[in-house]
Amino acid sequence: MHYDYLIAGAGLFGAVFAHEMHKQGRKVLVVEKRDHIAGNIYTEKVMGINVHRYGAHIFHTSDEEVWNYVNQYARFNHYVNSPVAVYRDELYNLPFNMNTFSRMWNIKTPKEAKEIIAKQTGEFAGITPQNLEEQALQLAGRDVYEKLVKGYTEKQWGRDCKDLPAFIIRRLPLRFTYDNNYFNDRFQGIPEGGYTQIVEKLLEDIPVLTGVSLQEYQTANVARTADEQDSWDRLLYTGMIDEYYHYRLGTLEYRSLRFETEELPEEDNYQGNAVVNYTEREVPYTRIIEHKHFEFQTGEGTVITREYPATWKKGDEPYYPINDEKNGALYAQYAELAKKEANVLFGGRLGQYKYYDMDKVIRSALDMVKEELAR
């Protein structure tokens with residue numbers, strides 16, 4: 001069979017690209033190494049609850065075109081991301097806002113909060129931060145840093161804040177209103193029925209091979225007789241760009257995650273919130289997700305997931321690119337190789353070594369489609 005596009009990866013980027021090309025009459029084949037579609041936004045029913053298998057995903061965007069696009073494939077609820085942070089026996093609202101400051105300092109007004117923060121950040125004014133700790137102290141002061149930033153960040157990156165570059169937190173948003181909405185975007189919500197349905201609809205009528213890596217597919221294809229072999233004009237690769245090139249220039253670095261999911265059939269409400277962060281370094285996980293709260297479910301039984309940051313090594317699932325100077329320079333070299341490819345495209349967070357929110361994934365895929373159709 002001849003295809004216009006072979007797409008390696010049935011995550012959101014690959015699915016949007018495949019769908020749009022299929023709409024234009026292009027023949028498309030998708031191969032996916034996991035045993036399911038939808039990549040990291042995959043949701044599955046457990047005890048009647050839509051569980052986010054690869055961590056919490058909250059859709060938010062200010063891009064109205066993208067919002068309208070995704071709403072074609074699911075009905076979104078009015079969920080607002082309002083995490084709670086636990087530090088020892090203290091509970092704080094996130095993002096850092098007047099609820100946070102009132103709890104921390106027993107104050108009521110923005111003026112009081114600003115005065116305390118100004119006093120705490122004043123000793124670091126005028127210096128050029130040499131590491132993340134100095135950057136955070138300069139932005140938010142010692143109390144916010146010690147209780148809500150330090151331990152969480154050190155768990156996330158597996159290194160002491162003094163050993164992390166300052167640019168990781170270029171800013172710490174401080175809000176002087178009693179507003180717990182984590183995002184500033186105009187549109188926000190969770191699809192009723194989970195995310196998997198969106199990708200299922202995008203890939204409707206498109207052949208998809210799951211449980212098969214690109215290399216396995218190509219090896220099997222070459223082993224066929226000449227008249228049975230598949231062929232294609234263009235390849236879209238959404239996996240790790242350095243893996244595509246067999247790490248010939250070196251290995252890009254990532255942070256990984258480990259998920260520990262627990263079913264609690266006798267518990268109707270474990271923590272009272274969808275996302276609770278644990279900011280002490282001594283607590284090994286960064287957060288606990290209680291999935292039923294994403295869709296305002298009630299009734300007996302709940303499912304929770306503890307999220308543990310992990311050191312990444314080849315063969316592990318890569319989650320967060322480490323966008324420091326060294327890795328940025330290495331990715332730039334791989335990007336130069338990619339530019340020389342006549343018929344290979346690289347997309348998504350792994351193909352472009354970039355942390356993408358879901359709306360940016362969709363926007364990037366739609367932009368690539370436009371570029372392809374303009375060729």
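Glutamate 317 counts as partly exposed, at 23% relative accessibility. This residue forms a salt bridge with arginine 34, one of 24 salt bridges that a search of the whole structure finds. The model is a predicted one.

**Salt bridge between arginine 34 and glutamate 317**

- The closest N and O atoms of arginine 34 and glutamate 317 are 3.0 Å apart.
- Arginine 34 is buried, its relative accessible area being 13%, whereas glutamate 317 is partly exposed.

**Salt bridges within helices**

- In helix α6 (residues 142-157), glutamate 154 and lysine 150 are four residues apart, about one turn of the helix.
- These two residues form a salt bridge, with 3.2 Å between the closest N and O atoms.
- Glutamate 154 has a relative accessible area of 2% and is buried.
- A salt bridge also links arginine 363 with aspartate 367, where the closest N and O atoms are 3.5 Å apart.
- Arginine 363 and aspartate 367 are separated by about one helical turn because they are four residues apart in helix α12 (residues 358-373).
- Arginine 363 is buried at a relative accessible area of 17%, while aspartate 367 is partly exposed at 30% relative accessibility.

**The seven-stranded sheet**

- Seven strands form an open sheet with mixed pairing, in the order β7-β6-β12-β13-β14-β11-β15.
- Its edge strands are β7 (90-93) and β15 (320-321), each of which pairs on one side only.
- Strands of a sheet pair through backbone hydrogen bonds, in either the parallel or the antiparallel sense.
- The pairing of strand β6 (residues 84-87) with strand β12 (residues 275-278) is parallel and runs over three bridges.
- Opposite valine 86 stands tyrosine 278 in β12.

**Strand β1 and its partners**

- Strand β1 (residues 2-8) has five buried residues out of seven, so the rest of the structure largely encloses it.
- Six bridges pair β1 with strand β10 (residues 231-237) in the parallel sense.
- Tyrosine 3 faces tryptophan 232 in β10 as its opposite residue.
- β1 also runs parallel to β2, and four bridges join the two strands.
- Leucine 6 has leucine 29 in β2 as its bridge partner.

**Negative surface patch**

- Glu266, Glu267, Asp268 and Glu300 form a negative surface patch.
- Among them, glutamate 267 lies in the loop between β11 (254-264) and β12.
- Glutamate 267 has 32% relative accessibility and counts as partly exposed.

**Backbone geometry**

- Most peptide bonds are trans, and most residues other than glycine have a negative phi.
- From leucine 94 to proline 95 the peptide bond is cis, with omega near 0 degrees.
- Proline 95 is located in the loop between β7 and α3 (98-105).
- Methionine 47 is a residue other than glycine with a positive phi, near 55 degrees.
- The loop between β3 and β4 (49-52) holds methionine 47, which is partly exposed with a relative accessible area of 37%.
- Arginine 88, likewise not a glycine, has a positive phi of about 55 degrees.
- Arginine 88 is placed in the loop between β6 and β7 and is exposed, with a relative accessible area of 56%.

**Lysine 119 in helix α4**

- Helix α4 (residues 110-122) contains lysine 119.
- Lysine 119 is exposed, and its relative accessible area is 71%.
- From C-alpha to C-alpha, lysine 119 and arginine 142 are 10.0 Å apart in space, and they are 23 residues apart in sequence.

Conventions
Residues numbered from 1 in each chain as written. Predicted model: local features only at pLDDT ≥ 70, side-chain atom pairs only at ≥ 80, totals over all residues. Heavy atoms only, no water. Pairing = 2+ DSSP bridges. Salt bridge = Lys/Arg side-chain N within 4 Å of Asp/Glu carboxyl O. Buried < 20%, exposed > 50% of the residue type's maximum accessible area, 1.4 Å probe, protein only. Patch = residues over 30% accessible without salt bridge, like charges linked within 9 Å, V, L, I, M, F, W, Y side chains within 5 Å. Areas by Shrake-Rupley, 256 points an atom, 1.4 Å probe, with all protein chains shown as cover. Lys, Arg positive; Asp, Glu negative; His and termini not counted. Charge placed at Lys NZ, Arg CZ, Asp CG, Glu CD.
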